[in-house]
Number of protein chains: 2
Amino acid sequence: MIADPVGRSARAGEIVAAARLLLEREGPEALTMRRLGEELGIRAPSLYKHLASKKAVEVALIEEAFREIGAALHAALQGRDNPVDATRTLLATYRRFSLARPNLYRLATAGRLPRGDLTPGLEEWVGEPFHLVTGEPHLAQALWSFAHGMVILEIDGRYPENSELDQTWETGAAAFAGLVGARR
Amino acid sequence: MIADPVGRSARAGEIVAAARLLLEREGPEALTMRRLGEELGIRAPSLYKHLASKKAVEVALIEEAFREIGAALHAALQGRDNPVDATRTLLATYRRFSLARPNLYRLATAGRLPRGDLTPGLEEWVGEPFHLVTGEPHLAQALWSFAHGMVILEIDGRYPENSELDQTWETGAAAFAGLVGARR
DNA sequence: CAGGGTGGCTAACAGCGTTAGCCATAAGTC
DNA sequence: GACTTATGGCTAACGCTGTTAGCCACCCTG
(Lines give C-alpha, C1' and ligand atoms only; values in the text may rest on other atoms or scores of the structure.)
Protein backbone atom coordinates (compact mmCIF):
# COMPACT_ATOMS: atom_id res chain seq x y z
CA MET A 1 0.00 0.00 0.00
CA ILE A 2 1.05 3.58 -0.46
CA ALA A 3 1.18 5.91 2.51
CA ASP A 4 -1.24 8.75 2.46
CA PRO A 5 -0.17 11.63 4.76
CA VAL A 6 0.91 14.26 2.29
CA GLY A 7 1.88 16.81 4.87
CA ARG A 8 -0.31 19.65 3.71
CA SER A 9 -2.47 21.79 5.95
CA ALA A 10 -6.22 21.35 6.33
CA ARG A 11 -6.83 24.51 4.32
CA ALA A 12 -4.60 23.20 1.56
CA GLY A 13 -6.72 20.09 1.52
CA GLU A 14 -9.84 22.18 1.05
CA ILE A 15 -8.21 24.01 -1.81
CA VAL A 16 -7.25 20.81 -3.55
CA ALA A 17 -10.76 19.46 -3.06
CA ALA A 18 -12.23 22.61 -4.58
CA ALA A 19 -9.76 22.38 -7.43
CA ARG A 20 -10.87 18.86 -8.14
CA LEU A 21 -14.52 19.83 -8.22
CA LEU A 22 -13.75 22.75 -10.48
CA LEU A 23 -11.64 20.63 -12.81
CA GLU A 24 -14.16 17.84 -13.14
CA ARG A 25 -17.14 20.13 -13.40
CA GLU A 26 -15.86 22.68 -15.89
CA GLY A 27 -12.73 21.27 -17.46
CA PRO A 28 -9.05 22.13 -17.39
CA GLU A 29 -9.32 25.67 -18.75
CA ALA A 30 -11.57 26.59 -15.82
CA LEU A 31 -8.89 25.63 -13.34
CA THR A 32 -7.25 29.02 -12.85
CA MET A 33 -5.98 30.44 -9.60
CA ARG A 34 -8.47 33.30 -9.64
CA ARG A 35 -11.35 31.00 -10.39
CA LEU A 36 -10.21 28.62 -7.71
CA GLY A 37 -10.02 31.41 -5.16
CA GLU A 38 -13.47 32.56 -6.15
CA GLU A 39 -14.77 29.08 -5.48
CA LEU A 40 -13.49 29.39 -1.92
CA GLY A 41 -14.50 33.01 -1.33
CA ILE A 42 -10.91 34.10 -1.42
CA ARG A 43 -8.57 36.08 -3.67
CA ALA A 44 -6.09 34.24 -5.83
CA PRO A 45 -2.90 35.45 -4.08
CA SER A 46 -4.17 34.05 -0.77
CA LEU A 47 -3.96 30.56 -2.23
CA TYR A 48 -0.21 30.90 -2.20
CA LYS A 49 -0.24 30.95 1.60
CA HIS A 50 -1.20 27.28 1.46
CA LEU A 51 0.21 25.91 -1.78
CA ALA A 52 3.41 26.93 -3.47
CA SER A 53 2.08 27.15 -7.01
CA LYS A 54 -0.57 26.03 -9.42
CA LYS A 55 1.66 23.15 -10.31
CA ALA A 56 1.56 22.03 -6.68
CA VAL A 57 -2.24 21.96 -6.89
CA GLU A 58 -2.03 19.86 -10.02
CA VAL A 59 0.48 17.49 -8.50
CA ALA A 60 -1.85 16.98 -5.55
CA LEU A 61 -4.68 16.19 -7.95
CA ILE A 62 -2.49 13.79 -9.90
CA GLU A 63 -1.64 12.01 -6.66
CA GLU A 64 -5.32 11.66 -5.86
CA ALA A 65 -6.06 10.28 -9.30
CA PHE A 66 -3.29 7.71 -9.09
CA ARG A 67 -4.28 6.61 -5.60
CA GLU A 68 -7.88 6.09 -6.56
CA ILE A 69 -7.25 4.27 -9.80
CA GLY A 70 -4.51 2.20 -8.21
CA ALA A 71 -6.78 1.21 -5.34
CA ALA A 72 -9.56 0.29 -7.75
CA LEU A 73 -7.26 -1.87 -9.86
CA HIS A 74 -5.79 -3.66 -6.88
CA ALA A 75 -9.23 -4.27 -5.43
CA ALA A 76 -10.55 -5.58 -8.72
CA LEU A 77 -7.97 -8.35 -8.77
CA GLN A 78 -8.81 -9.67 -5.33
CA GLY A 79 -9.57 -13.37 -5.49
CA ARG A 80 -9.21 -13.62 -9.24
CA ASP A 81 -6.59 -16.15 -10.16
CA ASN A 82 -7.68 -17.07 -13.65
CA PRO A 83 -5.35 -14.80 -15.61
CA VAL A 84 -7.70 -14.38 -18.56
CA ASP A 85 -10.61 -13.37 -16.35
CA ALA A 86 -8.29 -11.10 -14.41
CA THR A 87 -7.16 -9.38 -17.60
CA ARG A 88 -10.71 -8.63 -18.62
CA THR A 89 -11.62 -7.42 -15.14
CA LEU A 90 -8.53 -5.24 -15.02
CA LEU A 91 -9.30 -3.60 -18.34
CA ALA A 92 -12.95 -3.06 -17.46
CA THR A 93 -12.00 -1.45 -14.14
CA TYR A 94 -9.37 0.71 -15.76
CA ARG A 95 -11.85 1.95 -18.30
CA ARG A 96 -14.65 2.58 -15.85
CA PHE A 97 -12.56 4.45 -13.31
CA SER A 98 -10.79 6.59 -15.88
CA LEU A 99 -13.95 7.60 -17.67
CA ALA A 100 -15.62 8.41 -14.35
CA ARG A 101 -13.09 11.25 -13.86
CA PRO A 102 -12.02 12.14 -17.38
CA ASN A 103 -10.49 15.53 -16.67
CA LEU A 104 -8.58 14.20 -13.70
CA TYR A 105 -7.34 11.26 -15.74
CA ARG A 106 -6.14 13.51 -18.53
CA LEU A 107 -4.40 15.80 -16.10
CA ALA A 108 -2.67 12.82 -14.50
CA THR A 109 -1.50 11.15 -17.66
CA ALA A 110 -1.07 13.79 -20.36
CA GLY A 111 2.13 15.65 -20.90
CA ARG A 112 5.46 15.32 -19.21
CA LEU A 113 5.20 14.36 -15.59
CA PRO A 114 7.02 16.10 -12.77
CA ARG A 115 8.39 12.77 -11.62
CA GLY A 116 10.30 14.05 -8.63
CA ASP A 117 7.23 15.75 -7.19
CA LEU A 118 5.19 12.58 -6.91
CA THR A 119 5.28 10.18 -3.98
CA PRO A 120 8.03 7.71 -4.82
CA GLY A 121 6.71 4.34 -5.86
CA LEU A 122 3.20 5.59 -6.53
CA GLU A 123 3.31 5.13 -10.28
CA GLU A 124 4.83 1.68 -9.93
CA TRP A 125 2.09 0.74 -7.50
CA VAL A 126 -0.58 1.81 -9.98
CA GLY A 127 1.07 -0.29 -12.67
CA GLU A 128 1.47 -3.30 -10.42
CA PRO A 129 -1.87 -4.94 -11.26
CA PHE A 130 -0.82 -5.14 -14.89
CA HIS A 131 2.26 -7.04 -13.86
CA LEU A 132 0.27 -9.27 -11.53
CA VAL A 133 -2.11 -10.17 -14.31
CA THR A 134 0.40 -10.78 -17.06
CA GLY A 135 3.28 -12.13 -15.02
CA GLU A 136 5.67 -10.57 -17.50
CA PRO A 137 6.93 -6.98 -17.65
CA HIS A 138 6.75 -6.37 -21.39
CA LEU A 139 3.30 -7.80 -21.70
CA ALA A 140 2.24 -5.73 -18.70
CA GLN A 141 3.57 -2.56 -20.29
CA ALA A 142 1.93 -3.36 -23.62
CA LEU A 143 -1.38 -4.05 -21.94
CA TRP A 144 -1.22 -0.80 -19.98
CA SER A 145 -0.35 1.11 -23.14
CA PHE A 146 -3.35 -0.33 -24.90
CA ALA A 147 -5.63 0.57 -22.01
CA HIS A 148 -4.27 4.09 -21.78
CA GLY A 149 -4.51 4.60 -25.52
CA MET A 150 -8.13 3.49 -25.51
CA VAL A 151 -9.06 5.66 -22.54
CA ILE A 152 -7.32 8.84 -23.59
CA LEU A 153 -8.60 8.64 -27.14
CA GLU A 154 -12.13 8.09 -25.86
CA ILE A 155 -11.87 10.95 -23.37
CA ASP A 156 -10.54 13.26 -26.05
CA GLY A 157 -13.31 12.31 -28.42
CA ARG A 158 -10.91 10.97 -31.02
CA TYR A 159 -12.91 7.98 -32.18
CA PRO A 160 -15.47 8.31 -34.95
CA GLU A 161 -18.93 8.86 -33.56
CA ASN A 162 -20.28 5.54 -34.73
CA SER A 163 -17.49 3.58 -33.06
CA GLU A 164 -18.45 0.47 -31.14
CA LEU A 165 -15.92 0.90 -28.38
CA ASP A 166 -17.19 -1.98 -26.26
CA GLN A 167 -16.26 -4.31 -29.06
CA THR A 168 -12.92 -2.62 -29.58
CA TRP A 169 -12.10 -3.15 -25.91
CA GLU A 170 -13.23 -6.73 -26.22
CA THR A 171 -11.04 -7.28 -29.27
CA GLY A 172 -8.02 -5.83 -27.54
CA ALA A 173 -8.72 -7.88 -24.44
CA ALA A 174 -8.90 -10.99 -26.60
CA ALA A 175 -5.58 -10.16 -28.26
CA PHE A 176 -3.82 -9.87 -24.93
CA ALA A 177 -5.74 -12.65 -23.25
CA GLY A 178 -4.30 -14.96 -25.86
CA LEU A 179 -0.78 -14.25 -24.66
CA VAL A 180 -1.70 -14.08 -20.99
CA GLY A 181 -3.39 -17.43 -21.13
CA ALA A 182 -0.58 -19.01 -23.13
CA ARG A 183 1.99 -18.18 -20.50
CA ARG A 184 0.61 -20.33 -17.72
CA MET B 1 -5.15 10.22 -51.60
CA ILE B 2 -5.92 13.44 -49.78
CA ALA B 3 -5.86 16.72 -51.66
CA ASP B 4 -3.23 19.19 -50.59
CA PRO B 5 -4.08 22.79 -51.61
CA VAL B 6 -4.97 24.40 -48.32
CA GLY B 7 -5.70 27.80 -49.72
CA ARG B 8 -3.39 29.87 -47.61
CA SER B 9 -1.05 32.56 -48.88
CA ALA B 10 2.64 32.05 -49.39
CA ARG B 11 3.40 34.17 -46.33
CA ALA B 12 1.05 32.06 -44.25
CA GLY B 13 2.98 29.02 -45.41
CA GLU B 14 6.21 30.60 -44.21
CA ILE B 15 4.64 31.31 -40.84
CA VAL B 16 3.44 27.74 -40.45
CA ALA B 17 6.87 26.47 -41.44
CA ALA B 18 8.49 28.71 -38.83
CA ALA B 19 5.95 27.55 -36.27
CA ARG B 20 6.84 23.97 -36.97
CA LEU B 21 10.54 24.61 -36.54
CA LEU B 22 9.90 26.50 -33.33
CA LEU B 23 7.63 23.79 -31.97
CA GLU B 24 9.95 20.92 -32.74
CA ARG B 25 13.07 22.77 -31.64
CA GLU B 26 11.89 24.26 -28.36
CA GLY B 27 8.65 22.56 -27.43
CA PRO B 28 5.03 23.62 -27.15
CA GLU B 29 5.48 26.35 -24.55
CA ALA B 30 7.85 28.16 -26.92
CA LEU B 31 5.16 28.38 -29.59
CA THR B 32 3.74 31.80 -28.74
CA MET B 33 2.64 34.42 -31.21
CA ARG B 34 5.27 36.89 -30.07
CA ARG B 35 8.00 34.30 -30.25
CA LEU B 36 6.79 33.19 -33.65
CA GLY B 37 6.79 36.74 -34.94
CA GLU B 38 10.30 37.23 -33.60
CA GLU B 39 11.41 34.19 -35.53
CA LEU B 40 10.21 35.89 -38.72
CA GLY B 41 11.46 39.38 -37.88
CA ILE B 42 7.92 40.59 -37.38
CA ARG B 43 5.65 41.70 -34.51
CA ALA B 44 3.02 39.34 -33.24
CA PRO B 45 -0.04 41.33 -34.39
CA SER B 46 1.21 41.22 -37.97
CA LEU B 47 0.78 37.47 -37.97
CA TYR B 48 -2.95 38.02 -37.85
CA LYS B 49 -2.83 39.51 -41.34
CA HIS B 50 -2.11 36.00 -42.60
CA LEU B 51 -3.65 33.59 -40.13
CA ALA B 52 -6.81 34.09 -38.15
CA SER B 53 -5.56 32.87 -34.80
CA LYS B 54 -3.02 30.77 -33.00
CA LYS B 55 -5.43 27.90 -33.27
CA ALA B 56 -5.34 28.23 -37.05
CA VAL B 57 -1.57 27.86 -36.91
CA GLU B 58 -1.95 24.75 -34.80
CA VAL B 59 -4.57 23.28 -37.09
CA ALA B 60 -2.23 23.79 -40.03
CA LEU B 61 0.50 21.97 -38.11
CA ILE B 62 -1.86 19.15 -37.21
CA GLU B 63 -2.78 18.78 -40.87
CA GLU B 64 0.88 18.54 -41.76
CA ALA B 65 1.49 15.92 -39.12
CA PHE B 66 -1.43 13.78 -40.26
CA ARG B 67 -0.48 14.03 -43.92
CA GLU B 68 3.09 12.96 -43.26
CA ILE B 69 2.30 10.09 -40.94
CA GLY B 70 -0.55 8.95 -43.15
CA ALA B 71 1.69 8.98 -46.22
CA ALA B 72 4.35 7.05 -44.35
CA LEU B 73 1.89 4.40 -43.20
CA HIS B 74 0.35 3.96 -46.61
CA ALA B 75 3.77 3.73 -48.22
CA ALA B 76 4.95 1.18 -45.70
CA LEU B 77 2.19 -1.23 -46.67
CA GLN B 78 3.02 -1.18 -50.38
CA GLY B 79 3.52 -4.72 -51.62
CA ARG B 80 3.06 -6.34 -48.23
CA ASP B 81 0.28 -8.88 -48.35
CA ASN B 82 1.28 -11.10 -45.46
CA PRO B 83 -0.92 -9.59 -42.73
CA VAL B 84 1.42 -10.48 -39.89
CA ASP B 85 4.41 -8.88 -41.57
CA ALA B 86 2.26 -5.93 -42.49
CA THR B 87 1.20 -5.47 -38.88
CA ARG B 88 4.79 -5.38 -37.69
CA THR B 89 5.81 -3.01 -40.46
CA LEU B 90 2.88 -0.75 -39.72
CA LEU B 91 3.70 -0.54 -36.03
CA ALA B 92 7.38 0.07 -36.69
CA THR B 93 6.59 2.85 -39.14
CA TYR B 94 4.07 4.42 -36.77
CA ARG B 95 6.59 4.44 -33.99
CA ARG B 96 9.46 5.76 -36.03
CA PHE B 97 7.52 8.58 -37.66
CA SER B 98 5.87 9.70 -34.46
CA LEU B 99 9.06 9.77 -32.45
CA ALA B 100 10.81 11.65 -35.23
CA ARG B 101 8.47 14.63 -34.58
CA PRO B 102 7.41 14.19 -30.98
CA ASN B 103 6.10 17.69 -30.34
CA LEU B 104 4.17 17.70 -33.57
CA TYR B 105 2.71 14.29 -32.80
CA ARG B 106 1.62 15.39 -29.36
CA LEU B 107 0.05 18.53 -30.73
CA ALA B 108 -1.84 16.50 -33.32
CA THR B 109 -3.15 13.82 -30.99
CA ALA B 110 -3.45 15.29 -27.50
CA GLY B 111 -6.56 17.00 -26.29
CA ARG B 112 -9.87 17.52 -27.94
CA LEU B 113 -9.61 17.99 -31.65
CA PRO B 114 -11.24 20.81 -33.61
CA ARG B 115 -12.80 18.23 -35.90
CA GLY B 116 -14.59 20.67 -38.16
CA ASP B 117 -11.41 22.61 -38.89
CA LEU B 118 -9.55 19.66 -40.36
CA THR B 119 -9.77 18.54 -43.98
CA PRO B 120 -12.68 16.12 -44.09
CA GLY B 121 -11.59 12.53 -44.41
CA LEU B 122 -8.02 13.22 -43.36
CA GLU B 123 -8.22 11.38 -40.07
CA GLU B 124 -9.92 8.42 -41.65
CA TRP B 125 -7.23 8.30 -44.31
CA VAL B 126 -4.52 8.18 -41.63
CA GLY B 127 -6.34 5.32 -39.92
CA GLU B 128 -6.91 3.42 -43.13
CA PRO B 129 -3.71 1.37 -43.00
CA PHE B 130 -4.81 -0.12 -39.71
CA HIS B 131 -8.00 -1.30 -41.35
CA LEU B 132 -6.12 -2.60 -44.38
CA VAL B 133 -3.84 -4.63 -42.16
CA THR B 134 -6.43 -6.08 -39.82
CA GLY B 135 -9.36 -6.37 -42.18
CA GLU B 136 -11.69 -5.71 -39.25
CA PRO B 137 -12.72 -2.35 -37.75
CA HIS B 138 -12.55 -3.24 -34.07
CA LEU B 139 -9.19 -4.88 -34.35
CA ALA B 140 -7.98 -1.92 -36.36
CA GLN B 141 -9.13 0.48 -33.67
CA ALA B 142 -7.57 -1.61 -30.92
CA LEU B 143 -4.28 -1.81 -32.76
CA TRP B 144 -4.23 1.93 -33.36
CA SER B 145 -5.01 2.57 -29.70
CA PHE B 146 -2.13 0.37 -28.66
CA ALA B 147 0.23 2.15 -31.03
CA HIS B 148 -0.90 5.57 -29.88
CA GLY B 149 -0.66 4.61 -26.22
CA MET B 150 2.87 3.38 -26.69
CA VAL B 151 3.98 6.43 -28.63
CA ILE B 152 2.43 9.08 -26.45
CA LEU B 153 3.67 7.48 -23.24
CA GLU B 154 7.15 7.22 -24.68
CA ILE B 155 7.09 10.83 -25.90
CA ASP B 156 5.89 12.04 -22.53
CA GLY B 157 8.57 10.08 -20.73
CA ARG B 158 6.07 8.00 -18.82
CA TYR B 159 7.84 4.69 -18.89
CA PRO B 160 10.39 3.79 -16.24
CA GLU B 161 13.91 4.60 -17.38
CA ASN B 162 15.03 1.01 -17.58
CA SER B 163 12.13 0.00 -19.81
CA GLU B 164 12.91 -2.20 -22.77
CA LEU B 165 10.44 -0.62 -25.13
CA ASP B 166 11.58 -2.56 -28.18
CA GLN B 167 10.45 -5.70 -26.46
CA THR B 168 7.22 -4.12 -25.31
CA TRP B 169 6.41 -3.18 -28.90
CA GLU B 170 7.33 -6.67 -29.98
CA THR B 171 5.05 -8.18 -27.34
CA GLY B 172 2.15 -5.98 -28.37
CA ALA B 173 2.75 -6.77 -32.01
CA ALA B 174 2.70 -10.48 -31.18
CA ALA B 175 -0.57 -10.11 -29.30
CA PHE B 176 -2.28 -8.49 -32.25
CA ALA B 177 -0.51 -10.53 -34.88
CA GLY B 178 -2.13 -13.57 -33.34
CA LEU B 179 -5.58 -12.22 -34.13
CA VAL B 180 -4.60 -10.74 -37.46
CA GLY B 181 -3.16 -13.99 -38.64
CA ALA B 182 -6.07 -16.03 -37.35
CA ARG B 183 -8.55 -14.08 -39.42
CA ARG B 184 -7.31 -15.09 -42.84
C1' DC C 1 -0.28 42.42 27.59
C1' DA C 2 3.29 41.95 24.10
C1' DG C 3 5.08 39.01 20.09
C1' DG C 4 4.69 36.21 16.35
C1' DG C 5 2.59 33.31 13.23
C1' DT C 6 -1.50 32.71 10.23
C1' DG C 7 -4.23 33.99 6.52
C1' DG C 8 -6.47 37.25 4.43
C1' DC C 9 -6.09 41.67 1.29
C1' DT C 10 -4.64 45.16 -2.77
C1' DA C 11 -1.44 46.50 -6.24
C1' DA C 12 1.40 45.20 -9.53
C1' DC C 13 4.42 42.66 -13.05
C1' DA C 14 5.48 39.98 -17.00
C1' DG C 15 3.71 37.20 -20.47
C1' DC C 16 -0.22 35.35 -23.09
C1' DG C 17 -3.73 35.78 -27.35
C1' DT C 18 -5.97 39.24 -29.61
C1' DT C 19 -8.10 43.81 -31.49
C1' DA C 20 -8.10 48.59 -33.13
C1' DG C 21 -6.20 51.91 -35.68
C1' DC C 22 -2.41 54.02 -38.24
C1' DC C 23 0.66 54.22 -42.19
C1' DA C 24 3.97 53.13 -46.03
C1' DT C 25 4.40 50.74 -50.04
C1' DA C 26 2.73 47.94 -54.09
C1' DA C 27 -0.65 47.04 -57.47
C1' DG C 28 -4.20 47.93 -60.39
C1' DT C 29 -7.30 51.28 -62.93
C1' DC C 30 -8.88 55.37 -65.46
C1' DG D 1 0.98 59.60 -64.98
C1' DA D 2 -2.28 60.19 -61.21
C1' DC D 3 -5.77 57.97 -58.16
C1' DT D 4 -7.40 54.29 -55.59
C1' DT D 5 -7.20 50.26 -53.23
C1' DA D 6 -5.22 46.25 -51.09
C1' DT D 7 -1.33 44.44 -48.59
C1' DG D 8 1.41 43.93 -44.72
C1' DG D 9 3.81 46.02 -41.54
C1' DC D 10 3.61 48.93 -36.95
C1' DT D 11 2.24 50.67 -31.84
C1' DA D 12 -0.96 50.78 -28.12
C1' DA D 13 -3.93 48.53 -25.52
C1' DC D 14 -7.33 45.05 -23.40
C1' DG D 15 -8.37 41.22 -20.61
C1' DC D 16 -6.64 37.15 -19.20
C1' DT D 17 -2.93 34.11 -16.91
C1' DG D 18 0.44 32.78 -12.80
C1' DT D 19 2.88 35.01 -9.37
C1' DT D 20 5.29 38.40 -5.96
C1' DA D 21 5.54 42.18 -2.64
C1' DG D 22 3.90 44.38 1.02
C1' DC D 23 0.33 45.54 4.26
C1' DC D 24 -2.79 44.40 8.01
C1' DA D 25 -6.08 42.06 11.19
C1' DC D 26 -6.67 38.32 13.92
C1' DC D 27 -5.43 34.69 17.32
C1' DC D 28 -2.48 31.94 20.10
C1' DT D 29 1.25 31.71 23.18
C1' DG D 30 4.38 33.34 26.73
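In chain B, R95(B) and D166(B) form a salt bridge in which the closest N and O atoms are 2.8 Å apart. This pair links distant parts of the chain, since R95(B) lies in helix α5 (residues 83–100) of chain B and D166(B) in helix α9 (residues 165–182) of chain B, 71 residues apart. The structure is a predicted model, and the values reported here are to be read with that in mind. Elsewhere, salt bridges that share partners join R20(A), E64(A), E68(A) and R101(A) into one network.

A second salt bridge of chain B connects the side chains of R11(B) and E14(B), with an N to O distance of 2.7 Å. Both residues lie in helix α1 (residues 10–26) of chain B, where they are 3 residues apart, or about one turn of the helix. R11(B) counts as partly exposed at 26% relative accessibility, and E14(B), with a relative accessible area of 41%, is likewise partly exposed.

Over all chains, the count comes to 28 salt bridges. One of them pairs E123(B), in helix α7 (residues 122–134) of chain B, with R158(A), in the loop between α8 and α9 of chain A, so this pair joins two chains. The closest N and O atoms of E123(B) and R158(A) are 3.7 Å apart, and both residues are buried. Across the interface of chain A and chain B, 2 salt bridges are found in total, together with 15 residue pairs in polar contact.

The interface itself brings 40 residues of chain A into contact with 40 residues of chain B. The size of an interface is often given as the accessible area lost when the parts come together. For chain A and chain B, the buried area is about 3,100 Å², of which 55% is on carbon and sulfur atoms. H138(A), Q141(A) and R158(A) supply 23% of the area that chain A buries against chain B, more than any other three residues.

On the side of chain A that touches chain B, the elements giving two or more residues are α6 (102–109), α8 (137–155) and α9 (165–182) of chain A. The largest share, 13 residues, comes from α8(A). By residue type, this side of chain A divides into 19 nonpolar, 13 polar and 8 charged residues.

Individual residues of chain A illustrate these contacts. E123(A), which lies in helix α7 (residues 122–134) of chain A, is buried, with a relative accessible area of 18%. Apart from neighbours within four places in sequence, E123(A) is in contact with F66(A), L113(A), R115(A), L118(A) and R158(B). T171(A), placed in helix α9 of chain A, is also buried, with a relative accessible area of 15%. When residues up to four places away in sequence are not counted, T171(A) touches E136(B), H138(B), L139(B) and L179(B).

The largest nonpolar core holds 56 residues, and those that touch the most other members are F130(A), F146(A), F176(A), F130(B), F146(B), W169(B) and F176(B). With residues up to four places away in sequence left out, the contacts of F146(B) include A142(A), S145(A), F146(A) and F176(A) in chain A, as well as L91(B), W169(B) and F176(B) in chain B.

Definitions and conventions. Residues numbered from 1 in each chain as written. Chains lettered and ligands numbered in written order. Predicted model: local features only at pLDDT ≥ 70, side-chain atom pairs only at ≥ 80, totals over all residues. Heavy atoms only, no water. Contact = heavy atoms within 4.5 Å. Buried area = accessible area lost by both parts, 1.4 Å probe. Salt bridge = Lys/Arg side-chain N within 4 Å of Asp/Glu carboxyl O. Polar contact = N/O pair within 3.5 Å; in protein donor to acceptor, adjacent residues only side chain to side chain. Helix = DSSP H or I, 4+ residues; strand = E, 2+ residues; numbered from the N terminus. Nonpolar A, V, L, I, M, F, W, Y, C, P; charged D, E, K, R; others polar. Core = buried A, V, L, I, M, F, W, Y, C linked by side-chain atoms within 4.5 Å. Buried < 20%, exposed > 50% of the residue type's maximum accessible area, 1.4 Å probe, protein only.
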